[in-house]
Number of protein chains: 4
Amino acid sequence: MVTAAQLLRRIGGLPVKVGVAGGTGYVGAELVRLLAEHPHVRLHAVTSGGSIGKCVNEHYPYIPKYLNLRFVDIDDPVLLECDVVIFSTPLGTIMRYARSFLERGIRVIDLSPDFSLENQEVWKSRFALEHSSPELIPSTIFGLPEINRAAIKKALLLNSPSSYSTAIILGVLPLLAPGKMKEESLVADIVVGMTAHGRVMSHTAMFAEHSDTMQAFDVDFPLARTETESVISRIHGKRIELTCIPHSAPLITGLHATLYLKVDPEIDLFKLYKEFYRKEIFVEVLPAGCVPETRNVRGSNYCKIAPHRQKDGAAVILVALDNLIKGAAGQAIQNLNIMFGLNESDGLHAIDTDPKGHTA
Amino acid sequence: MVTAAQLLRRIGGLPVKVGVAGGTGYVGAELVRLLAEHPHVRLHAVTSGGSIGKCVNEHYPYIPKYLNLRFVDIDDPVLLECDVVIFSTPLGTIMRYARSFLERGIRVIDLSPDFSLENQEVWKSRFALEHSSPELIPSTIFGLPEINRAAIKKALLLNSPSSYSTAIILGVLPLLAPGKMKEESLVADIVVGMTAHGRVMSHTAMFAEHSDTMQAFDVDFPLARTETESVISRIHGKRIELTCIPHSAPLITGLHATLYLKVDPEIDLFKLYKEFYRKEIFVEVLPAGCVPETRNVRGSNYCKIAPHRQKDGAAVILVALDNLIKGAAGQAIQNLNIMFGLNESDGLHAIDTDPKGHTA
Amino acid sequence: MVTAAQLLRRIGGLPVKVGVAGGTGYVGAELVRLLAEHPHVRLHAVTSGGSIGKCVNEHYPYIPKYLNLRFVDIDDPVLLECDVVIFSTPLGTIMRYARSFLERGIRVIDLSPDFSLENQEVWKSRFALEHSSPELIPSTIFGLPEINRAAIKKALLLNSPSSYSTAIILGVLPLLAPGKMKEESLVADIVVGMTAHGRVMSHTAMFAEHSDTMQAFDVDFPLARTETESVISRIHGKRIELTCIPHSAPLITGLHATLYLKVDPEIDLFKLYKEFYRKEIFVEVLPAGCVPETRNVRGSNYCKIAPHRQKDGAAVILVALDNLIKGAAGQAIQNLNIMFGLNESDGLHAIDTDPKGHTA
Amino acid sequence: MVTAAQLLRRIGGLPVKVGVAGGTGYVGAELVRLLAEHPHVRLHAVTSGGSIGKCVNEHYPYIPKYLNLRFVDIDDPVLLECDVVIFSTPLGTIMRYARSFLERGIRVIDLSPDFSLENQEVWKSRFALEHSSPELIPSTIFGLPEINRAAIKKALLLNSPSSYSTAIILGVLPLLAPGKMKEESLVADIVVGMTAHGRVMSHTAMFAEHSDTMQAFDVDFPLARTETESVISRIHGKRIELTCIPHSAPLITGLHATLYLKVDPEIDLFKLYKEFYRKEIFVEVLPAGCVPETRNVRGSNYCKIAPHRQKDGAAVILVALDNLIKGAAGQAIQNLNIMFGLNESDGLHAIDTDPKGHTA
């Protein structure tokens with residue numbers, strides 16, 4: 001699934017040429033920050049709707065002196081020189097561009113909702129929009145590495161799941177085998193930081209109005225519910241009814257999910273989860289009794305999970321990840337690494353093995 | 001249930017003499033702030049463990065120039081001159097003092113966990129402590145005005161429920177009649193501000209470690225679960241299994257509860273709630289489609305509730321209140337007002353009727 | 001300076017009829033919150049550009065159930081029934097309306113920059129706008145009660161100074177007599193909360209971009225500098241060179257000023273300030289050694305001041321006030337109280353004397 | 001100044017063995033985070049007072065799965081195997097240990113106040129403590145790379161300046177040549193995040209009491225004043241009177257300094273600063289008209305500076321850095337890099353040149 005040119009560059013040890021479409025949003029900023037230090041990637045082009053021609057580090061002043069890259073238009077031919085383009089663009093963008101990239105052998109990673117739902121009827125009703133490339137949907141690969149590595153390796157068009165879906169699926173995955181859940185029903189209470197709403201101005205997103213306050217949103221039809229319900233139901237083999245309420249807290253970044261479900265009381269949850277995820281680099285099952293904090297995954301690609309059981313009551317799975325990293329930019333890079341035969345953790349600051357010879 | 005002296009003072013229009021035990025904690029501070037402006041109350045004594053002799057407004061610099069009141073010891077006889085003493089004291093305090101106040105005809109309002117649980121066995125196992133006045137427990141009145149006004153009126157010893165219990169009970173109350181809930185099961189996902197942990201120093205309560213982060217706490221045995229489960233089960237007539245996870249968000253104050261339950265699909269939740277609470281001053285059912293924000297109840301005694309139903313799914317009841325006010329100090333004053341025949345909203349800054357003659 | 005109708009109403013104990021122009025901004029919200037509970041005021045009309053016809057408590061959900069007032073257009077004749085109209089409107093609004101209100105005997109309080117500068121040339125160059133009522137400027141009264149009570153009493157058109165000016169003037173006032181300052185030079189370092197920027201959307205005002213960060217703004221030509229420099233120079237009798245840099249911190253509300261100046265080393269600053277402000281209700285000189293915190297003036301009309309002297313160095317005056325209250329809405333009401341012969345602290349929750357008979 | 005063993009390891013390309021004394025504080029945490037990814041360093045030992053035996057990543061859960069390092073006691077002989085030990089220990093610690101390390105050829109970097117002041121009389125009066133190794137003070141190297149690289153290269157005992165000193169010195173440095181300042185007087189208004197107070201519990205450091213508030217601290221005798229005044233006066237050749245007030249804002253991390261001084265009006269400040277710092281990796285002079293924000297240096301070793309001049313007034317220099325990085329841990333590593341002949345930016349995530357061949 002690699003073009004000849006891509007193959008030659010890989011053999012020659014040349015970096016993967018990456019384009020970022022939608023580089024000025026919050027996810028785009030994290031893509032640029034991480035890709036700028038990725039050892040096997042060359043950030044080749046970054047697009048922007050409103051900042052064309054500006055230096056990338058004018059927009060991201062915390063990326064110091066990275067002077068040589070300027071924002072280009074999404075139609076700029078420089079994008080066609082890339083091996084892969086990551087889209088963190090608004091709804092309805094990538095569906096218009098994917099085909100032309102794919103036809104040139106350029107692989108495409110979608111972080112938008114465009115290729116997030118297989119069921120086109122639901123997609124239409126959710127987004128009140130006609131999909132312009134419905135024929136690409138069936139071959140879109142679901143980019144959650146922990147359940148789909150083999151397919152991701154060969155993916156040409158990949159949809160990286162939302163932070164909500166990532167947290168819920170990783171949180172419930174070890175329980176999806178038959179006989180573990182006592183009811184096909186799951187409550188997912190989600191709290192996210194304000195970057196989860198995108199870089200879209202509104203009065204309620206202003207510091208003066210969102211500090212020191214909490215509220216639910218999208219109560220009646222949360223974006224993540226349909227996508228997630230369909231994925232976990234398929235893995236489980238039976239429909240699971242998912243109830244999912246997202247909330248905004250005064251956090252810059254971070255996603256905390258609390259999953260409530262009924263589980264066979266005989267199961268040792270901690271042991272099950274520890275074993276299930278023992279080989280995963282970016283999923284960490286916390287020591288028994290611990291709870292995950294979003295600050296401990298801030299800026300990192302880790303997803304921290306702690307399964308609990310309330311005395312005489314329901315199972316409660318706690319999940320924390322950074323909505324912009326494991327929930328978006330980091331996971332896109334993890335997928336990119338798999339797609340291009342790199343180490344899965346390249347450029348993601350994982351310190352899971354000791355590169356300098358420490359031994360236990 | 002009013003002593004002769006109390007009666008005479010009331011007839012003469014004299015203010016109720018109120019003592020606050022535990023005046024330097026976060027709840028104590030709000031009691032002092034509100035009672036200082038209460039039109040029919042005289043703040044007669046405020047106790048403190050560590051600040052005896054200091055002026056009250058040295059400790060509360062936002063209460064300007066209120067120079068004439070100094071903190072006294074909890075054993076100071078000045079407390080015995082009060083008509084009522086409100087205890088916002090640590091676990092194990094009021095159970096040692098209640099009897100001697102009651103014997104003198106001084107009414108007692110408990111904001112601590114001391115008289116929060118009828119079942120003494122559970123109490124002991126929860127708090128790892130022997131109760132020193134178990135004989136007072138049966139006659140303790142549960143101080144949630146919205147369900148217990150008649151009893152509160154005559155209460156001598158009253159336990160004002162925790163903010164968690166208040167939110168969950170008010171949130172589910174309209175559904176507790178037979179036939180409304182489809183399962184005797186309730187998930188209560190709670191998020192609180194940092195004042196809910198009391199004025200107790202810990203590394204994780206420091207600004208530098210609790211800003212921009214979210215986490216669950218008390219996952220295995222949350223304080224509020226037993227108390228609340230027992231109250232709602234009694235009202236409902238059948239045991240309701242409550243699962244309840246509290247979380248800390250970077251809020252100073254505020255409690256947000258999201259209640260998940262299965263409800264008869266025929267019920268119009270909005271209409272039911274609106275009708276149920278139409279006469280309550282301090283419970284506001286939001287217009288259909290709205291969600292409550294904790295900032296809108298900051299510093300006030302209001303509890304805002306919004307019932308929702310997720311498309312094809314569970315009922316979701318959203319509740320917001322100020323954990324220090326409707327969840328503690330304000331509710332204690334609301335109870336006090338009822339106990340002493342005052343207007344229920346006196347001193348609570350309710351603007352629910354138009355005192356100056358506005359008309360629609 | 002009171003019309004016959006106004007006089008009759010005052011004699012009859014009738015409330016002052018107040019209009020608020022610009023009722024949906026942050027200052028407008030505080031005006032409504034405070035006026036709604038003011039004992040001698042009737043909030044008669046609130047205008048809004050974008051929310052005409054909506055209930056006031058839809059916009060301010062923390063003002064519960066105040067159902068009977070709807071936003072009107074600024075041209076609505078109901079405003080003409082008021083005794084006084086307070087303008088918290090954008091630049092260039094009140095200068096077009098003031099004359100017509102004044103001609104009808106309606107007094108006008110300006111919280112905008114329109115009547116903030118006597119020098120019309122500077123005004124024009126600062127705001128890049130032609131003033132439409134320059135003839136009203138000379139008779140505009142400067143509404144800082146602590147220096148101008150007599151004139152305020154009779155004011156028909158009053159400009160209530162900005163939060164910046166209020167803090168700097170009150171902070172330096174006791175030193176403005178000849179011989180106290182050793183140099184005619186003052187540095188005012190100001191930090192404000194985000195409400196100081198108004199309810200104007202921008203990326204940098206978003207929670208996700210203004211949390212956990214600090215920055216200066218308006219560095220080259222801060223709004224407050226000219227106005228303040230001219231007032232303190234006039235009082236001092238000589239030109240004082242003011243350097244003033246405002247900064248934004250992640251605060252909802254609050255203004256903290258640190259004033260640096262050289263003062264005669266013989267002066268006992270604490271004693272001077274204590275004596276100077278001993279009769280002022282809303283200026284509190286802190287006990288020696290203390291520093292003011294903005295949280296202690298949150299929501300209140302108090303200005304807290306602490307004069308210090310650095311070892312072998314400059315005098316440093318610390319000032320804290322709430323930019324929306326003593327810096328805007330509260331001060332407007334304080335002025336209104338003076339203008340209409342009410343107690344200066346009416347409706348401002350001052351607890352400076354003991355209304356219930358406490359004695360030391 | 002390198003021992004034979006150190007030299008051999010460097011020749012063999014072996015990593016520098018680094019010990020961190022005081023690894024559980026906020027600076028210690030950043031040292032561990034940065035050193036764990038440093039390409040030429042091996043983190044050999046981390047000490048702790050209270051967590052001896054615990055895994056480092058139990059204390060720092062955001063450093064995932066770095067399982068092989070456990071906290072040791074500061075007297076553990078493993079420290080003696082290091083090439084260099086960085087002390088981020090409380091006052092009075094390193095002065096008792098420095099000698100024994102130096103005698104074994106182990107180089108020492110001090111981040112505490114122990115070796116921060118040459119003048120022992122002032123030191124004693126500031127810290128109310130007798131210095132136990134006064135004889136080491138004269139040979140201590142002042143570790144601000146931008147003014148002292150040559151000496152740092154050979155340093156055996158180095159004191160890395162505080163964040164306050166770093167910001168003030170870097171901010172004023174280009175003006176310290178004769179003839180540029182018009183008065184030997186400098187006001188430094190400093191705002192810091194809460195990590196600047198160390199990991200020390202107090203009520204005022206709690207989230208519930210330090211959110212949404214601002215205040216000054218150490219007003220009368222700020223720690224940084226003496227050290228900084230002495231350094232800038234020495235460079236300038238004349239005593240500069242420094243007035244310096246630190247403030248706490250609700251920031252986790254970050255230091256913002258606003259420097260006020262009188263400067264020859266002929267000087268083009270922007271040009272002067274740009275030229276002065278053109279070769280410095282970690283000092284960035286912002287484009288004219290810009291202001292630095294602390295969020296843009298969060299977690300990085302950059303110091304951002306913007307010189308301004310207020311219309312008809314004083315020069316104002318704005319400085320932002322991360323108090324834990326360029327103000328502590330990062331600067332220590334920058335010093336370490338210089339001391340051991342590494343690239344000055346190794347391990348500090350500087351992206352100032354294009355390692356992958358980008359061209360303009």
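**Chains and domains, in questions and answers**

The centres of domain 1 and domain 2 of chain A, taken over C-alpha atoms, lie 25 Å apart. This is a predicted model, where local features need pLDDT of at least 70, side-chain atom pairs count only at pLDDT 80 or more, and totals for chains, interfaces and linings use all residues. Residues are numbered from 1 along each chain as its sequence is written, chains are lettered from A and ligands numbered from 1 in the order in which they are written, and side-chain values use heavy atoms, with hydrogens and water left out.

User: Which residues make up domain 1 and domain 2 of chain A?

Analyst: The bounds come from an automatic or database domain assignment. Domain 2 covers 164-321, while domain 1 is written as 4-160 + 328-339.

User: How much area is buried between domain 1 and domain 2 of chain A?

Analyst: Buried area here is the accessible area (1.4 Å probe) that two parts lose on being put together, summed over both. On the domain 1 side, Tyr26(A), Arg126(A) and Glu146(A) lose the most, together 34% of what that side buries. Carbon and sulfur atoms give 63% of the total, which is about 1700 Å².

User: Which residue forms a salt bridge with Arg149(A)?

Analyst: A salt bridge needs a side-chain nitrogen of Lys or Arg within 4 Å of a carboxyl oxygen of Asp or Glu. The count between domain 1 and domain 2 of chain A is 2. For Arg149(A), the closest N and O atoms are 2.6 Å apart, and the partner is Glu280(A).

User: Which element gives the largest share of the side of domain 1 of chain A that touches domain 2?

Analyst: Helices are DSSP runs (H or I, at least four residues), as are strands (E, at least two), numbered from the N terminus. Helix H2 (26-35), helix H5 (120-127), helix H6 (145-153) and helix H11 (329-339) of chain A each give two or more residues to that side. With 4 residues, the largest share comes from H5(A).

User: Now for the chains: how many residues does chain B bring to its contact with chain A?

Analyst: Contact means heavy atoms within 4.5 Å. Chain B and chain A bury about 4100 Å² between them, 48% of it on carbon and sulfur atoms. Chain A brings 48 residues to the contact, and chain B brings 48.

User: How many residue pairs are in polar contact between chain B and chain A?

Analyst: A polar contact is a pair of N or O atoms within 3.5 Å; within protein, one must be able to donate a hydrogen and the other to accept it, and residues adjacent in sequence count only if both atoms are side-chain atoms. With both residues at pLDDT 80 or more, the count is 24.

User: Over in chain C, is Thr228(C) buried or exposed?

Analyst: Thr228(C) sits in helix H9 (residues 223-236) of chain C, and its side chain reaches the backbone oxygen of Ala224(C) at 2.6 Å. Buried means under 20% relative accessible area, exposed over 50%, and partly exposed in between (1.4 Å probe, protein chains only). Because Thr228(C) has a relative accessible area of 0%, Thr228(C) is buried.
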